[in-house]
Amino acid sequence: MKTAAQSTKQHVTIANGQGFWGDSMLGPVRLLAEGPLDYLTLDYLAEVTMSILQKQRARRADAGYATDFVRMIDRLAGQIVAKNVRVVANAGGVNPMACKDAVLASLRRQGIQGCKVAVVEGDDIFGRLDELLSSGEELRNMDTGALLASVRPRVSSANVYLGAFPIAEALSQGAHIVITGRGTDPGLVLGPMIHEFGWKPEQYDLLAAGTIAGHIVECGAQCTGGNYTDWREVPNMAMLGYPLIEMQAGGEFTITKHEGTGGMVTVDSVRHQLVYEMGDPMRYLGPDCCADFSSARLEQAGKDRVLVRGCKGWAPTPTYKVSISYEDGFKAVGQLTISGPDALAKARLCAQIVWQRLAYDGCKFAPEERIEEYLGANVCHAGIALPGNADPAEVVLRLGVKGQDENKVDRFGFELVPLVTSGPPGVTGFAGGRPKASEIIGFWPALVNKQRIHTKVSVFS
Amino acid sequence: MPRVALSRIASARSGDKGEGSNVGVMARSKAAYDFLQRTLTTELVAEHMHGINSGAVKRYEAESLGVLNFILSDSLGGGGSASLRTDAQGKTHGLALLRLELDVPQAVLDLTPAPKGVA
């Protein structure tokens, strides 16, 4: 396997094989099978995930991380080692040490020796919230300005979006596998670049180039033809290639994919992902730099190769973004299929019946606490006239409610299925049974002074 | 002037951003960008998307990328897991915007290649 010392490469290939929690296992499987790469990055976390993992950990001290990652190691560690690929994954969730233990146990079971596993810690401030609040950090909601105190007893997780430098440090200590908790998605690929090329914290244009490259690949196949407007033009969508970044030391990079894979890499496919969740193109704020997406120049440099250059960035803010989640009540959603004739009219009657029967039993939901959707009769593009949908052959009626009272939300679920025998004719598709109340997890975006956050890198083998 | 759907001269991608959605509109040519920069105003987008978005609409321009980026500030029925909507992440908002019909000068259409399957 690779040695620990910082290399002096002029070029490094980084692949992202996992765009989100629940993405296909085939990403990393195929990337390793289909061609060369130096680094494999895997993103397992979303905001809602952190809260779920925190609850798992509260029940079991050795839980609270992305177990999919350990399954990936079970299946692919042999190839990862044989091909000298280094792995960076935010699979640690709220318990990166337990994730590391599970990975080391998997490596032992497979008889793999000498593989160093690093852990980056410091993002999880759930246990430090009161200390931070009393030391003057207000953790106000960035959107509403409200003080955290208003939801403090209901907070279920709190994690800082760390930057890429701790990942680079782990790699420079010789780690073959780096496990982090919460960090930014682009940081997973920026860390290896910082390590390989020795980029410094004040080289903002370079850090911006790495951040922009990371943003382009962070949703996996969304830059190689997935979720692409002109879908008819995408060849072999079933075998869409996962993206590769070929980064140069000077900050120019090429987005590409392995030869023979499906999909395509074009200026337009890359541009599709640049705009995704972009916000202000001139001010993409990250922990390591502020990147100007509008500075990126995209150029087709061959089949399935897009060259990106000219990326500009400047100094980051003195704060980290914090993702705090809190318990925010309950919701329940269920659906029935209503066949024609008159599918839409009957579906509307069904919705009325449900609300009326609930009200009879003293269970009222205000308009903002409930939803009626008539799937098949223009839900996604509501209010935008579509021809030919006046009498669809069938409609899926989807009803939902939310509120603070779990019992009341559960009560709703009892009135949906009875429509089959006590509503208009043609009601079916009640598979799945009664909808049950599930917890709503609220998000509380906040900022914390960087001085208060201490990252720690540890290496194990 | 021919009346065509926005999809004839632009592509789009959308996703969630807090309690709203980010809708990136990508012009299919320089001529299309210049036309849309003048025509595709926040007022027009707000009116077209009124059944989806009940908040303010903000527009960012990135001319070098041929991109107009719109933020619909209240388009998910609550953010994150609080939404009851099918499209709680605004994944379909880009395609909804591409249905917008516009009077586009023939000269702009001539300079803008149509995608496969779009007349």
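Two residues are in contact if their C-beta atoms, placed from the backbone, lie within 7 Å. The structure is a predicted model, in which local features need pLDDT of at least 70, side-chain atom pairs count only at pLDDT 80 or more, and totals for chains, interfaces and linings use all residues. Residues are numbered from 1 along each chain as its sequence is written, and chains are lettered from A and ligands numbered from 1 in the order in which they are written.

**Exercise 1. The interface**

Task: State how many residues of chain B are in contact with chain A, and describe the side of chain B that touches chain A.

Solution. Step 1: on chain B, 35 residues are in contact with 41 residues of chain A. Step 2: the strands β2 (10-17), β3 (20-27), β4 (57-62) and β5 (67-72) of chain B each supply at least two residues of this side. Helices (H or I, at least four residues) and strands (E, at least two) are DSSP runs, numbered from the N terminus. Step 3: β2(B) gives the most, with five residues. Step 4: by class, the side of chain B that touches chain A has 12 nonpolar, 17 polar and six charged residues. Here Ala, Val, Leu, Ile, Met, Phe, Trp, Tyr, Cys and Pro count as nonpolar, Asp, Glu, Lys and Arg as charged, and the others, Gly among them, as polar.

**Exercise 2. Helix α7 of chain A**

Task: Determine how many residues of helix α7 (residues 187-197) of chain A are buried, and what covers them.

Solution. Step 1: a residue is buried if 20 or more other C-beta atoms lie within 10 Å of its own, exposed if 12 or fewer, and partly exposed in between, with C-beta atoms placed from the backbone. Step 2: 11 of the 11 residues of α7(A) are buried, including A:His195 and A:Glu196. Step 3: the cover includes β1 (11-18), β2 (39-42), β3 (86-89), α6 (165-172), α8 (204-217) and β7 (244-248) of chain A. Step 4: after α7(A) comes A:Gly198, with a positive phi near 65°.

**Exercise 3. Two helix pairs**

Task: Compare how α7(A) packs on α8(A) with how α1(A) packs on α3(A).

Solution. Step 1: the axes of α7(A) and α8(A) come within 8 Å and cross at roughly 140°. Axes are lines fitted to C-alpha atoms, for helices over the stretch in contact, and angles run from 0 to 180 degrees between N-to-C directions. Step 2: α7(A) and α8(A) are therefore oblique to each other, since angles under 35 degrees count as roughly parallel, over 145 as roughly antiparallel, 65 to 115 as roughly perpendicular and the rest as oblique. Step 3: this crossing is right-handed; a crossing is left-handed if the near helix is turned anticlockwise from the far one by less than a right angle, and right-handed if clockwise. Step 4: residues of α7(A) in the contact include A:Leu188 and A:Met193, and those of α8(A) include A:Leu207 and A:Val217. The contact has seven nonpolar, four polar and no charged residues.

Step 5: for helix α1 (residues 26-34) and helix α3 (residues 67-82) of chain A, the axes come within 11 Å and cross at roughly 10°. α1(A) and α3(A) are therefore roughly parallel, and their crossing is left-handed. Step 6: A:Pro28, A:Val29 and A:Leu32 of α1(A) meet A:Met72, A:Leu76, A:Gln79 and A:Ile80 of α3(A). These divide into six nonpolar, one polar and no charged.

**Exercise 4. A:Gly329**

Task: Is A:Gly329 buried, exposed or partly exposed?

Solution. Step 1: A:Gly329 lies in strand β14 (residues 319-339) of chain A. Step 2: A:Gly329 has 18 C-beta neighbours inside 10 Å and so counts as partly exposed. Step 3: leaving aside neighbours within four places in sequence, A:Gly329 is in contact with A:Lys402, A:Gly403, A:Gln404 and A:Ile440.
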